[in-house]
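The following exercises concern one protein model and its ligand. Each task is followed by a solution in steps.

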Amino acid sequence: MTTERDIDHAAGVLRAGGLVAFPTETVYGLGADAANAGAVGKIFAAKGRPSTHPVIVHLADAAQLAVWAVDIPEAARSLARKFWPGPLTLILKRARGVGDAVTGGQDTVGLRVPSHPVARQLLARFGGGIAAPSANRHGRVSATTAGHVRREFGAAVDCVLDGGASQVGIESTIVDLSGATPALLRPGWITAAEIEAALGTRLASPAADAPRAPGTLAAHYAPRTPLTLAESDLAIELAASLVRQGKRVAVLARSARQPLLQGLEWMAAAQDAAGYAHALYANLRRLDESGCDAIIVEKPPQAAEWAAINDRLARAATGSSVPDET
Ligand code: TXA
Ligand code: MG
């Protein structure tokens with residue numbers, strides 16, 4: 001899929017200040033040289049993202065932490081040892097010289113060592129940090145395939161590396177270690193309980209103790225079609241009543257019993273959290289593109305391993321009332 005030559009080419013595009021979309025194990029990233037403010041600015045322009053939203057800097061390995069952060073607590077090193085390379089982002093005090101373009105003017109920086117082999121090859125070849133938010137228009141559903149990225153950005157991205165479908169499917173867990181108490185800023189596939197077990201302390205809730213992560217705005221990850229989250233029985237009832245009103249309805253279902261209704265697009269999601277997360281954004285994109293008037297999502301369980309999925313679905317539901325990119 002991706003050859004050595006592709007990696008060489010992509011590293012050259014980054015050095016020249018261009019944009020490279022690349023696969024990670026969570027979602028695809030829209031990358032630029034993190035040390036080049038002009039290049040990072042292109043990410044914001046392509047995404048339509050407000051310049052105050054900080055972007056994560058991706059690194060080849062934990063040894064590069066000291067280039068980007070200062071006052072690195074032991075907790076950061078132990079989380080890095082346990083979970084990197086992998087779907088975890090650490091918020092640390094930024095080192096001098098880390099640009100406002102990356103940090104959104106905050107005194108902290110988000111750092112992550114991804115595990116996807118193509119991301120790792122690109123980072124190794126490029127040598128420096130790659131600033132990369134998720135490769136989607138601001139506020140919209142993240143991309144988990146190269147095709148999603150191409151459809152979303154077209155020629156606005158200089159190079160798209162294809163690494164297949166992202167395995168995890170939802171964005172990294174974000175832990176803020178820049179303050180007195182570690183705080184969970186964004187739930188992800190690595191659960192709060194796993195982080196707490198590794199740290200030996202409880203995580204503060206983000207509202208209480210941490211700087212606000214702008215990307216955790218309520219309206220996010222949203223398809224254009226209005227999306228409603230509903231408990232099992234209600235989901236089917238709601239779908240049926242909308243269909244009776246002549247609406248075309250798409251359902252992302254967990255139950256197997258598909259009602260026989262004309263005008264109903266039924267998509268059966270995986271029963272397990274890993275499978276559900278892996279396919280979530282591709283499913284939402286497909287339902288969004290199906291031309292329906294409404295998307296109904298059958299609520300998953302409230303268990304810990306579904307926390308990150310429930311977080312994204314709740315934001316997608318809020319966000320779908322937003323008419324367009326904000
Ligand atoms: O899995 C991921 O994290 C993916 C892949 C591409 O690595 N990236 C991603 O980036 O989800 P993005 O920009 O869509 O979301 C990053 C989140 C945003 O909510 C942003 O506000 C927050 O991280 N963030 C980044 N730097 C921060 C900082 N210094 N302080 C607080 N929040 C920060
Ligand atoms: Mg994002």
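**Exercise 1.** At what angle do H4 and helix H8 (residues 192-199) pack, and how far apart are their axes?

*Solution.* This is a predicted model, in which local features need pLDDT of at least 70 and side-chain atom pairs count only at pLDDT 80 or more, while totals for chains, interfaces and linings use all residues. Residues are numbered from 1 along each chain as its sequence is written, chains are lettered from A and ligands numbered from 1 in the order in which they are written, and side-chain values use heavy atoms, with hydrogens and water left out.

Step 1. Helices (H or I, at least four residues) and strands (E, at least two) are DSSP runs, numbered from the N terminus. Axes are lines fitted to C-alpha atoms, for helices over the stretch in contact, and angles run from 0 to 180 degrees between N-to-C directions.

Step 2. The angle between H4 and H8 is about 120°, and their axes are 10 Å apart. H4 is therefore oblique to H8; angles under 35 degrees count as roughly parallel, over 145 as roughly antiparallel, 65 to 115 as roughly perpendicular and the rest as oblique.

Step 3. The crossing of H4 and H8 is right-handed. A crossing is left-handed if the near helix is turned anticlockwise from the far one by less than a right angle, and right-handed if clockwise.

**Exercise 2.** Describe the packing of helix H1 (residues 4-15) and helix H6 (residues 117-126).

*Solution.* Step 1. H1 and H6 pack at about 55°, with axes 9 Å apart. H1 is thus oblique to H6.

Step 1. H1 and H6 cross in a right-handed manner.

**Exercise 3.** Which polar side-chain atoms lie 3.0 Å from atoms of ligand 1?

*Solution.* Step 1. One belongs to Thr 108 and lies 3.0 Å from a nitrogen atom of ligand 1. Another belongs to Arg 112 and lies 3.0 Å from an oxygen atom of ligand 1.

Step 1. The protein covers 98% of the 680 Å² of accessible area (Shrake-Rupley method, 1.4 Å probe; for residues, only the protein chains shown count as cover) that ligand 1 has on its own.

Conventions: Polar contact = N/O pair within 3.5 Å; in protein donor to acceptor, adjacent residues only side chain to side chain.
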